[in-house]
Amino acid sequence: MPESKPRKKTARPAEPVSTQAYKPNPVWFKPVMFGLMIIGLLWIITFYISEGQLPVQAWESWNILAGFGIAIVGFLMTTRWRS
């Protein structure tokens, strides 16, 4: 039985590397991110320890939402964190 001729392998062009270079975050990014998470946690803790008198008495139970809102902004910043 005759053998088939080997095919010539053509050189594949290298796939282009993404032209978008990722730069690291600015110096202030991490302190702000962690700061917001800690401030939100402290806000909620202060509300519970003071039995609703602090941080803003007029807000009553909305202080919990304010604390979680501040902390969530910090957690959302983690999705943009590049090193």
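Trainee: Which residues form a nonpolar patch on the surface?
Mentor: Keep in mind that this is a predicted model. The patch is made up of F34, I38, L41, L42, I45, I49 and W81, and together they have about 690 Å² of accessible area.

Trainee: Take F34, then. Where is F34 found?
Mentor: F34 sits in helix α1. With a relative accessibility of 39%, F34 counts as partly exposed, because that class lies between the under-20% cut-off for buried and the over-50% cut-off for exposed.

Trainee: OK, let's stay with α1. How many residues does α1 have, and how far does it reach?
Mentor: There are 21 residues in α1, and from first C-alpha to last it reaches 30 Å. That is close to the 30 Å you'd expect at 1.5 Å a residue.

Trainee: And which residues of α1 are buried?
Mentor: F29, M33, M37, G40, I44 and F47. Around the axis they cover an arc of only 100°, so they end up on the same side of α1.

Trainee: Why would residues spaced like that point the same way?
Mentor: An α-helix has 3.6 residues a turn, so residues three or four places apart point the same way.

Trainee: What's exposed on the other side of α1?
Mentor: P31 and I49 are exposed there. I49 also belongs to the nonpolar patch we started with.

Trainee: What do the buried residues of α1 pack against?
Mentor: They pack against α2.

Trainee: Then let's move to α2. What span should α2 have, and how far apart are its end C-alpha atoms?
Mentor: Helix α2 takes in residues 62-77, which is 16 residues, so at 1.5 Å a residue it should span 22 Å. Its end C-alpha atoms are 23 Å apart, which agrees.

Trainee: Which residues are buried in α2?
Mentor: N63, A66, G67, A71, G74 and M77 are the buried ones. Looking down the axis of α2, they fall within an arc of 125°, so they line one face of the helix. What covers them includes α1.

Trainee: And which exposed residues are on the face turned away from the buried side of α2?
Mentor: That face carries W62, L65 and L76.

Trainee: Changing topic: what about the loop between the two helices? Which peptide bond is cis?
Mentor: The bond from L54 to P55 is cis, with omega near -10°. P55 lies in the loop between α1 and α2.

Trainee: Why point that out?
Mentor: Because most peptide bonds are trans, and most residues other than glycine have a negative phi.

Trainee: What are their phi values?
Mentor: E51 has a phi near 55°, and E60 has one near 50°. Both values are positive, in residues other than glycine. E51 follows α1.

Trainee: Are E51 and E60 buried or exposed?
Mentor: E51 is exposed, with a relative accessible area of 71%. E60 counts as exposed too, at 56% relative accessibility.

Trainee: One more region. What about K5: where is K5 found, and is K5 buried or exposed?
Mentor: K5 is in the segment before α1. K5 is exposed, with a relative accessible area of 75%. From K5 to P31 is 65 Å in space, C-alpha to C-alpha, and 26 residues in sequence.

Trainee: And where is Y48 placed?
Mentor: Y48 is in helix α1, and at 53% relative accessibility Y48 counts as exposed. Y48 and Q20 are 28 residues apart in sequence and 47 Å apart in space, C-alpha to C-alpha.

Definitions and conventions:
Residues numbered from 1 in each chain as written. Predicted model: local features only at pLDDT ≥ 70, side-chain atom pairs only at ≥ 80, totals over all residues. Heavy atoms only, no water. Helix = DSSP H or I, 4+ residues; strand = E, 2+ residues; numbered from the N terminus. Expected span 1.5 Å × (residues − 1). Buried < 20%, exposed > 50% of the residue type's maximum accessible area, 1.4 Å probe, protein only. Arc of directions from axis to C-beta. Contact = heavy atoms within 4.5 Å. Patch = residues over 30% accessible without salt bridge, like charges linked within 9 Å, V, L, I, M, F, W, Y side chains within 5 Å. Areas by Shrake-Rupley, 256 points an atom, 1.4 Å probe, with all protein chains shown as cover. Salt bridge = Lys/Arg side-chain N within 4 Å of Asp/Glu carboxyl O.
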